[in-house]
Amino acid sequence: MKFLISDERATEKLGREIAALLPKKCLIFLNGPLGAGKTTLVRGILRAAGHQGSTKSPTYTLVEPYQLEDCLFYHFDLYRLGDPEELEYIGIRDYLDEQAVCLVEWPEKGLGFIPQADLTIELDYEGESRSITLDVKSSELALKLAEKLT
Ligand code: ADP
Ligand code: MG
């Protein structure tokens, strides 16, 4: 599924729509260059789940937890990760094993230490706008997304 999104607000809105369909435990990758809108989309997802504060990219801390009303979220930003092995030290497995929605920016930096994602979101520049492509592993989630988003 591919969308053309003209501004930040529309990206956030897509995030809110995606949020409504997510299982309480899943792994989501956000791919795309700096400034493509990965954190903006995460903000939309978190706001839909009840988060009211800001959403900053956890570039230096690698991960930011959000315990919301009835769902736990972990927002990872692996941009500064030097070696994928460092993920072992922060206990990546424990995070991923939890009943939580794990959102990962720059997942390619953790190659080999993170399993396959349930949903991969690809963001890119497209003129003044952004293109957002969803790639879903489970056919159940794919159906739900197709129904809601098209
Ligand atoms: P990333 O996390 O991918 O590095 P951010 O979400 O932090 O990107 O920042 C995206 C920037 O691009 C913001 O400054 C935002 O205002 C701008 N922007 C312009 N158009 C869009 C769009 N369609 N979606 C998201 N952000 C957009
Ligand atoms: Mg970011």
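**Ligand shell, cores and backbone**

Me: An oxygen atom of ligand 1 is 3.3 Å from a polar backbone atom of alanine 36. What makes this a polar contact?
Reply: The model is predicted, and the distance is computed from it. The cut-off for a pair of N or O atoms is 3.5 Å. The 3.3 Å to alanine 36 lies within 3.5 Å, so the pair counts as a polar contact.

Me: Which side chains make such contacts with ligand 1?
Reply: Among them is lysine 38, with a side-chain N or O atom 2.7 Å from an oxygen atom of ligand 1. For glutamate 105, a polar side-chain atom lies 3.2 Å from an oxygen atom of the ligand. Both distances are within 3.5 Å, so both pairs count. As for cover, ligand 1 has 570 Å² of accessible area on its own, and the protein covers 73% of that.

Me: What makes up the shell around ligand 1?
Reply: The ligand is surrounded by 15 residues, the closest being Glu8, Thr11, Gly35, Lys38 and Thr40. By class, 4 are nonpolar, 6 polar and 5 charged. At least two residues of the shell come from each of α1 (8-19) and α2. The most come from α2, with 3 residues.

Me: Why is glutamate 17 called partly exposed?
Reply: Glutamate 17 has 24% relative accessibility. Buried means under 20% and exposed means over 50%, so glutamate 17 falls in between. This residue lies in helix α1 and touches Lys148 and Leu149, residues up to four places away in sequence not being counted. The C-alpha atoms of glutamate 17 and leucine 149 are separated by 7.5 Å, though the two are 132 residues apart along the chain.

Me: Why do leucine 62 and tryptophan 106 count as buried?
Reply: Leucine 62 has 10% relative accessibility, and tryptophan 106 has 12%. Both values are under 20%, so both residues are buried. Leucine 62 sits in the loop between α2 and β3 (63-68), and tryptophan 106 in the loop between β5 and β6 (119-126).

Me: What makes the phi angles of leucine 62 and tryptophan 106 worth a look?
Reply: Most residues other than glycine have a negative phi. Leucine 62 has a positive phi near 70°, and tryptophan 106 has a positive phi of about 60°. Neither residue is a glycine.

Me: How many residues has the largest nonpolar core, and which have the most contacts inside it?
Reply: The largest core has 30 residues, and Ile18, Phe73, Leu119, Ile121, Leu134 and Leu145 have the most contacts inside it. Helix α2 (residues 38-48) gives the most to this core, with 4 residues. Apart from this core lies another of 19 residues, including Phe29, Leu96, Cys102 and Ala117.

Me: Which residues does isoleucine 18 touch?
Reply: Isoleucine 18 touches Ile45, Leu119, Ile121, Leu134, Leu145 and Leu149, with residues up to four places away in sequence not counted. Each of these has heavy atoms within 4.5 Å of isoleucine 18, because that is the cut-off for contact.

How values were computed: Residues numbered from 1 in each chain as written. Chains lettered and ligands numbered in written order. Predicted model: local features only at pLDDT ≥ 70, side-chain atom pairs only at ≥ 80, totals over all residues. Heavy atoms only, no water. Core = buried A, V, L, I, M, F, W, Y, C linked by side-chain atoms within 4.5 Å. Buried < 20%, exposed > 50% of the residue type's maximum accessible area, 1.4 Å probe, protein only. Near = heavy atom within 4 Å. Polar contact = N/O pair within 3.5 Å; in protein donor to acceptor, adjacent residues only side chain to side chain. Areas by Shrake-Rupley, 256 points an atom, 1.4 Å probe, with all protein chains shown as cover. Nonpolar A, V, L, I, M, F, W, Y, C, P; charged D, E, K, R; others polar.
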